[in-house]
Structures are given as structure tokens and as C-alpha cells.
Amino acid sequence: MAASPREDAAAAQRCGYVVIVGRPNVGKSTLLNRLVGHKLSITSRKPQTTRHALLGIKTRAENQILYVDTPGLHRGPERQLGHCLNREALRVLRDVDVVLFLIEAAGWHKGDDHVQEQLRDVHAPVLLLPNKVDKLKRKGELLPLLKQVETRGAWAEIIPVSARRGDNLDRLEEAICRHLPRQTWLYPPDQLSDRPERFFAAEIVREKLVRNLEQELPYHTAVVVDKYEESARGVRVDATIWVERPGQKAIVIGRRGAMLKLIGERARRDIEALVGRRVHLKTWVKVRSGWTDDARRLRELGLSR
Ligand SMILES: Nc1nc2c(ncn2[C@@H]2O[C@H](COP(=O)(O)OP(=O)(O)OP(=O)(O)O)[C@@H](O)[C@H]2O)c(=O)[nH]1
Ligand SMILES: [Mg+2]
């Protein structure tokens with residue numbers, strides 16, 4: 001019996017997991033957002049912004065690409081949180097079809113050696129992506145780097161990109177699709193991620209903390225959405241910002257509540273843009289000492305499995 005047109009379409013489908021790895025701050029989350037076309041993953045100028053592996057789904061023609069953003073891989077004296085971030089990044093490398101390994105176009109960094117070591121036992125093709133090419137004054141500046149990295153690993157391809165500006169991403173996507181296995185799609189074509197909206201609400205609040213507070217403090221905070229309630233009037237979100245010490249609580253709240261107000265307003269606007277509805281966001285700041293060093297508490301806060 002001849003296959004129905006629908007069966008034919010399913011047989012032509014390609015679908016696979018594409019994991020984005022690299023040391024902290026090379027632009028992994030920026031790249032995921034660009035490739036998917038929506039701001040799903042939070043980004044900032046500070047390293048170790050991403051804490052959870054995050055799925056971004058892009059369906060185009062017969063291809064469904066399942067991009068996975070990961071926390072930056074790093075070595076060094078590890079507090080418990082850093083350890084969890086590495087484990088989270090490595091967990092997703094087990095069953096993967098393509099790896100995107102981001103480095104900075106300005107040059108190979110010793111932190112990149114560590115990432116490459118972690119890829120030792122991965123059998124999937126690795127595309128090496130020198131990112132932030134927009135920062136180079138002349139394209140020619142890339143040549144010494146290309147020469148230097150060519151023989152450093154068995155790259156399937158080397159594709160220089162700018163995640164921020166979008167340079168060369170069409171070429172990247174074509175290369176990815178060539179490596180996708182033939183299999184039916186795992187998600188409906190209009191789905192963008194596998195996380196619920198309350199997850200994105202918590203992440204958006206955390207992005208505002210990372211972007212607006214001084215260097216170290218955001219690493220000592222976690223955000224938990226306690227309530228996410230939809231009604232005819234909009235969405236009500238209650239979020240708790242956890243810090244480690246009373247002094248940190250005072251900083252997050254700010255003078256006469258100014259910092260918390262600013263964070264709340266910016267977060268509310270972004271959550272509204274994401275869910276397309278009016279949002280009423282309420283935030284609390286609470287102290288729980290030593291949570292970054294305590295594996296059990298990290299689990300309770302949803303930061304480790
Ligand atoms: N100029 C330039 N900046 C970029 C580019 N891609 C990312 N950035 C910037 O680099 C910084 C880090 O970007 P992220 O996407 O948060 O980096 P990440 O690799 O996800 O970082 P972690 O989650 O901390 O590991 C941000 O300030 C980005 O705007 C790029 O192509 N060009
Ligand atoms: Mg990130």
C-alpha cells in the first residue's frame with residue numbers, strides 16, 4: 001500500500017539535539033536566543049549567568065532543531081553552586097547529535113582547553129564557533145586564530161559567527177541541519193521550549209538582579225516563583241528572591257526600596273512581553289544563610305537534580 005502524504009512528510013523529518021557549550025560568558029545564551037528567534041535564555045555581561053540547561057526549539061521546513069543552552073563550563077576552586085553548574089552542563093552531553101563549541105574570536109583561552117577536555121568522549125560532530133567576530137576591527141584578524149585552532153581538534157567545521165549581530169547564522173543552521181538524524185519531530189512545530197511560563201518568570205527576575213546589582217551579589221541569590229496565577233485580568237506572579245545574609249537583603253531592597261522597585265518593574269515588562277498579557281508581579285527578599293554551599297538547599301530551590 002502506498003504511504004499517505006502525511007506519512008511521507010513524517011518520513012522526511014529530521015530532528016536532533018544540538019548542545020551549546022563553552023566557557024562562561026562566550027555568548028552561548030545570546031546565540032540560542034538568536035537561533036530560536038525569541039529571548040528564552042537570560043544573558044548578561046557577567047560570567048555564570050546561566051544556571052539551568054534550557055531547551056529552545058526551532059522548527060523550519062523538514063527540520064526540528066532542539067537547541068540546548070548550558071551553564072558555562074569552568075574549572076577552579078569550586079563552591080557547591082559552581083559544581084552543580086558543571087554537572088548540569090555535562091549531563092546534557094550524553095545523548096546529543098551535534099555540539100556547538102563556542103570560543104571568542106579574539107583568541108583561544110586556557111578555559112577553552114578545559115571545555116575541550118570535557119568533549120573527549122563525545123561522539124557527535126563538533127562545530128567550533130569563534131563568536132563575537134563583530135568585535136574584530138578587521139576580518140583578517142581571524143586568520144591567525146583559524147590557523148591556531150584548525151589542528152587542535154577534529155572539528156566537523158569551523159564557523160565564525162556573531163551571536164549578537166547574527167552574522168553567519170544561516171550558514172551555521174545549514175551545517176547543523178546536515179548533521180540532524182532522520183526522525184520524526186519530538187515537539188509540535190509551534191512549541192518554543194519545554195519549560196513552563198513560571199520558570200521563565202523566575203529567570204527574568206534573576207536576569208534583572210544579575211544586570212543591576214554589583215559584581216558578586218547575584219551569585220548569592222536565587223529566585224523562586226511561589227505563585228503563578230492566570231485570571232481574566234492577567235497574570236499574578238509572586239516571587240521570592242533568596243539571599244544569604246541580611247546585608248545582602250538590604251542591598252537588593254535598596255534605599256527606600258528603590259532597587260527592588262527597579263528590578264520588579266523591568267522584570268514585569270519582560271514577563272509581559274513573553275506571555276503577551278498584563279502581569280502583576282510581587283517580589284519578596286528573604287534570607288537563608290549559606291544556600292550556595294548546601295547541596296540539599298540547592299535541590300529545594302530547583303538548582304540541582
Ligand atoms: N560583541 C558581542 N558581544 C556578544 C556576542 N555574543 C554575546 N555577547 C555578549 O557577551 C556577554 C555574555 O553573553 P551570554 O550570552 O550571557 O554568555 P553565556 O556564554 O551564555 O554566559 P554564561 O551563561 O555565564 O556561561 C553579553 O554581554 C553578550 O551581550 C557577540 O556576538 N558580539
Ligand atoms: Mg548563558
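In this predicted model, R23 counts as buried because its relative accessibility is 13%, below the 20% that marks the limit for burial. This arginine sits in the loop that runs between strand β1 (14-21) and helix α2 (28-36). Its side chain is joined to that of D112 by a polar contact of 2.9 Å. Leaving aside residues up to four places away in sequence, the residues that R23 touches are K28, G72, L73, E104, H109, G111, D112 and V115.

The magnesium ion (ligand 2) is coordinated by OG of S29 and OG1 of T50, at 1.9 to 2.1 Å. S29 belongs to helix α2, while T50 lies in the loop between α2 and β2 (54-60), so the two together tie parts of the protein that are 21 residues apart in sequence.

The secondary structure comprises 10 helices and nine strands. Of the 305 residues, 50% count as buried. Among contacts with a separation of 6 or more, 71% are between residues 24 or more positions apart. The accessible surface of the protein comes to about 15700 Å², and carbon and sulfur atoms account for 48% of that area.

Terms used: Residues numbered from 1 in each chain as written. Chains lettered and ligands numbered in written order. Predicted model: local features only at pLDDT ≥ 70, side-chain atom pairs only at ≥ 80, totals over all residues. Heavy atoms only, no water. Helix = DSSP H or I, 4+ residues; strand = E, 2+ residues; numbered from the N terminus. Buried < 20%, exposed > 50% of the residue type's maximum accessible area, 1.4 Å probe, protein only. Polar contact = N/O pair within 3.5 Å; in protein donor to acceptor, adjacent residues only side chain to side chain. Contact = heavy atoms within 4.5 Å. Donors = N, O, S within 2.8 Å, 3.2 Å for Na, K, Ca; no water. Areas by Shrake-Rupley, 256 points an atom, 1.4 Å probe, with all protein chains shown as cover.
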